[in-house]
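Hello,

I am passing a structure over to you. Please look through it before our next call.

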Amino acid sequence: MTEVLIVGAGLTGLFASLLVAERGNAVTLVAQGRGGLELSHGCIDIWGRATPSRALSRLRKSHPYRLAGTAALHAALEFFEEITQQAEYPFPGSISRNLHLPTALGAIHPTALAPQSLAQGDLFDGTPFTLAGIDNLRDFYPQLAASNLRRAGIAVQSVLDLPIPLDDTRHDFYTSDLAHLFDKSNWREEVARVWKPQLIGIKRLGLPAVLGLRDPQHVLEDLQERLGLTLFEIPTLPPSLPGLRLEVILRRRALNTGVHFIEGPRVVGRIDGRSDGRRVSGVVLQTVGGPRVHTADVVILATGGILNGGLVFQQDGRVQESVFDLPVNYDQGRGYWTTTSPLDSQPYSGYGLLVNDLMQPLDAKGAPIFENLYVAGGLLGGADRTMEGSRQGIDLATAYRAVEVALG
Amino acid sequence: MPVLSTQLLVIGGGSTGLGVAWDACLRGLKVVLVEQGDLGQGTSGRYHGLLHSGGRYVISDPTSACDCAVENRVLRQIVPHTIEDTGGLFLATPTDPIDFPDRWFAACQELGVSAEEITTAEALRLEPALNPRISRVFRVQDGSLDSFDLLHTLTAEIKRAGGQVWLRHRVEKLILNGNTIVAAEIRALDTDELLTIGADFFVNATGPWAGQVASLADIKVPIALGKGSMVAMATRPIHTVINRCRPSSDGDIIVPVGTVAVLGTTDVEVQQPTDTTIEPWEVDFLLAQGEILVPQLAYQRPLRAWAGVRPLYRPTTGELGETRELPRSQIILDHADRDGLQGLISVFSGKLTIFRLMAEQVMDLVCKQMNIAAVCHTAETPLTMTSRSFYKLPDRLAKLEVTTSHDLPQVVCECELVTRLAIEEALRFASTLDLDEVRRELRLGMGPCQAGFCAFRAAGIAHELAPTAPASGGLTPFLEERWRGMVPLGWGHTLRQMELTRRIYLELLQTHSLPEPTK
Ligand SMILES: Cc1cc2nc3c(=O)[nH]c(=O)nc-3n(C[C@H](O)[C@H](O)[C@H](O)COP(=O)(O)OP(=O)(O)OC[C@H]3O[C@@H](n4cnc5c(N)ncnc54)[C@H](O)[C@@H]3O)c2cc1C
């Protein structure tokens with residue numbers, strides 16, 4: 001049995017830990033923070049700009065998808081679908097055709113897999129739909145979304161504001177407040193009673209994503225039945241409910257399959273003294289009580305890119321990898337990292353580690369640095385995930401490949 | 001043909017132009033002011049925020065020092081709501097010239113700039129974050145002044161007194177009759193229409209643009225432009241203005257303004273008033289200098305950087321004498337005297353602190369030339385505070401905290417505690433649905449997240465108020481403006497913040513895939 005240590009508890013780290021546990025190996029997941037799932041839309045973007053299955057084969061050889069390989073991507077998706085099915089939070093969609101979902105701004109989000117409550121909002125589905133806001137929710141503006149969709153030539157049947165049936169006259173709600181209410185069946189009953197008269201003639205209704213956190217599929221089905229229509233959800237500003245739900249599902253499964261979590265400490269990489277520097281022996285946890293060594297046979301780095309702390313961009317113009325100080329591929333000098341518009345592609349987005357097709361980080365000469373260290377997810381360079389619409393696909397495929405290689 | 005005629009046309013809506021227009025209103029003149037941008041788009045909205053005590057100029061420019069000392073007291077009387085009485089300290093560090101503090105202190109006393117020496121122990125009790133290795137400390141009457149509040153207040157007063165303030169109107173031509181200016185051709189930038197305003201007298205108060213505007217009347221006003229960059233830190237480790245007690249140079253002052261501490265400034269010659277790009281070395285320099293005064297700044301997050309452009313008069317030989325340095329005190333050019341052109345005065349340079357005095361001096365000259373006997377009343381006329389413009393974060397918090405949870409208002413910008421009601425009111429009052437104007441008025445999006453969360457909400461609210469306006473048309477420029485302020489600081493936590501903004505606006509909201517706004 002191989003002892004695996006995974007650093008990072010985002011989509012990549014959690015998914016990798018499930019894969020390792022699935023194969024009956026011991027796995028410890030250490031993470032300083034929580035990863036980026038609650039900042040995300042909670043869907044699986046594979047390739048946003050074209051049909052994913054066709055676009056991927058034409059990528060540069062150094063692109064993470066090419067390094068992980070199509071087989072790993074397919075296998076990863078299969079396992080992901082299995083996990084979400086079993087958690088009763090299914091993700092319809094496929095790699096051969098993107099769904100086109102409305103965003104809260106009324107732009108169009110192409111994505112491969114989405115939770116059912118989001119997928120039912122596919123804009124090319126043909127069923128007319130209405131958008132509804134919820135009074136006093138600060139993060140959803142149905143008029144704005146509808147206007148932008150209409151500008152793009154998409155018909156929105158009507159726009160509504162639905163009340164919150166609470167005695168309390170608060171003017172301020174977050175999506176998470178509402179999600180907890182929707183988890184309760186007597187609340188849903190009350191909502192349905194108040195909303196139903198306002199929904200006459202509506203077949204499909206889009207709401208901000210607030211329909212429950214604990215058992216969202218049940219909430220969706222129950223409310224659809226009570227209202228007699230198809231519902232779909234639109235993710236809002238962070239904390240985004242669909243992202244949170246996915247995190248809950250992955251963590252729940254990780255705990256149930258025996259993944260050992262160590263959360264909180266910052267970690268520093270540790271090299272095996274007996275291997276001439278060719279192997280790592282684990283990490284050192286910087287705990288409150290002092291440094292603690294944690295050893296493992298294999299380490300998988302899933303610390304993410306700049307947002308999650310895997311890469312550290314220094315004032316002096318250097319970019320560093322935060323655990324083992326591995327070489328990063330980047331342009332030296334702050335002046336090169338960004339452009340003048342936040343909506344353009346940013347040079348820094350493509351910076352990261354260079355790896356071989358075994359997901360091992362490489363040195364300047366292209367040789368693997370350590371025999372038993374693997375890298376997956378946002379830490380990898382060579383892809384502009386934001387502009388490509390490829391973030392979650394890369395996370396899953398590279399996590400799969402790293403585990404596959406690490407466990408031999 | 002003029003569509004409108006007035007007695008006085010003021011060109012430029014910074015502190016100087018608005019000050020002149022307000023002074024003229026109080027003297028009973030009919031006034032129109034035109035400004036090509038929004039309030040505060042020139043230097044007045046990009047300045048350092050210091051209400052000068054005069055201390056910074058006692059050696060280099062004694063006249064300015066005296067003017068500042070007097071005007072500091074006047075402004076505390078007439079616009080107290082725009083000022084935070086932070087007080088100021090002048091610190092000598094071990095690397096500064098050892099004889100300077102004594103010379104400096106003597107000059108303060110001679111010029112009537114109030115200053116008092118305190119022990120370093122007392123200074124550290126006042127401001128524990130100061131570098132403990134300072135050798136001497138003096139206390140002065142510095143303050144910080146919110147220029148947006150000031151400009152809004154002045155505009156409201158001018159309108160109340162019957163004057164007009166036209167934003168987004170640019171003077172493109174000055175029309176002469178013989179050697180007298182009689183009218184200005186003005187482009188309304190929202191509609192692209194051209195109109196003509198006739199006036200008996202014109203004041204060119206266009207700051208760094210003063211040379212360009214003067215050239216519309218074929219007059220040469222040689223101006224050198226000096227760009228100064230500033231960095232706002234996300235926290236306020238000091239609550240007093242911190243100056244370095246040494247011969248004035250770059251990077252020697254920290255001003256606490258609102259929720260941030262602003263480090264400044266550099267001085268780089270540029271070619272255009274709009275050349276405000278900040279170089280990485282400027283930021284590195286300002287942070288390094290700031291750390292000398294307040295070491296813990298090394299661990300704080302820089303939030304935003306911006307630059308303002310100073311117009312410096314660079315007269316030809318003979319006009320001011322060869323040996324004098326380029327003066328930084330106010331320049332008032334009477335073009336009748338100087339160029340034989342009637343009806344135009346240019347005023348530029350100086351400080352925001354002495355805007356009232358500059359306006360008084362200009363209007364005295366205008367009245368003399370127009371044969372009007374009215375005298376200046378601005379020094380003894382307090383400006384009414386507009387309820388909307390009053391901004392202090394603790395006051396906003398206090399207001400929110402006394403409301404019961406039942407009618408707790410919706411907070412749209414959590415960093416600066418801007419409520420939905422405030423945004424709705426600002427949008428109704430504003431002449432456009434421009435989110436950046438709402439920002440300048442309410443500080444929307446000025447806090448640690450730099451609009452990452454509230455920009456979307458504000459766009460949604462704006463669209464509810466004006467469903468016919470191009471949907472979210474104001475969102476992209478607003479985000480781009482915030483982004484520009486972070487780019488020079490794009491490393492470490494600031495770059496992470498920028499990445500978070502991109503995750504939200506590109507991955508979650510897909511803003512980049514919206515169809516182009518239709519005009
Ligand atoms: C970096 C820096 C830091 C500073 N810090 C301080 C400080 O801490 N304390 C202090 O007291 N002073 C400070 N100052 C000085 C102070 O900012 C200026 O003295 C003051 O803001 C000048 O105001 P203004 O109205 O003359 O110019 P501006 O504010 O630049 O106003 C000129 C206006 O004219 C408009 N305009 C130009 N051309 C046209 C046209 N053709 N038609 C219509 N409108 C036109 C412009 O859009 C602009 O808004 C600082 C200056 C700089 C550069």
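Below are the conventions, then the chain contact, then the ligand site.

This is a predicted model: local features need pLDDT of at least 70, side-chain atom pairs count only at pLDDT 80 or more, and totals for chains, interfaces and linings use all residues. Residues are numbered from 1 along each chain as its sequence is written, chains are lettered from A and ligands numbered from 1 in the order in which they are written, and side-chain values use heavy atoms, with hydrogens and water left out.

**Chain A against chain B**

Contact (heavy atoms within 4.5 Å) involves 57 residues from chain A and 55 residues from chain B. The buried area is about 5,000 Å², 60% of it from carbon and sulfur atoms. Buried area here is the accessible area (1.4 Å probe) that two parts lose on being put together, summed over both. A:Tyr141, A:Arg151 and A:Leu343 supply 14% of what chain A buries against chain B, more than any other three residues.

There are 5 salt bridges between the chains (a side-chain nitrogen of Lys or Arg within 4 Å of a carboxyl oxygen of Asp or Glu). One of them joins A:Arg391 to B:Glu507, with the closest N and O atoms 2.7 Å apart.

**Ligand**

The ligand is surrounded by 35 residues, each with a heavy atom within 4 Å of it. Among the closest are B:Glu35 and B:Thr353. A polar side-chain atom of B:Glu35 lies 2.6 Å from a ligand oxygen atom. For an N or O atom in the side chain of B:Thr353, the distance to a ligand oxygen atom is 2.7 Å.

Best wishes

Key
Polar contact = N/O pair within 3.5 Å; in protein donor to acceptor, adjacent residues only side chain to side chain.
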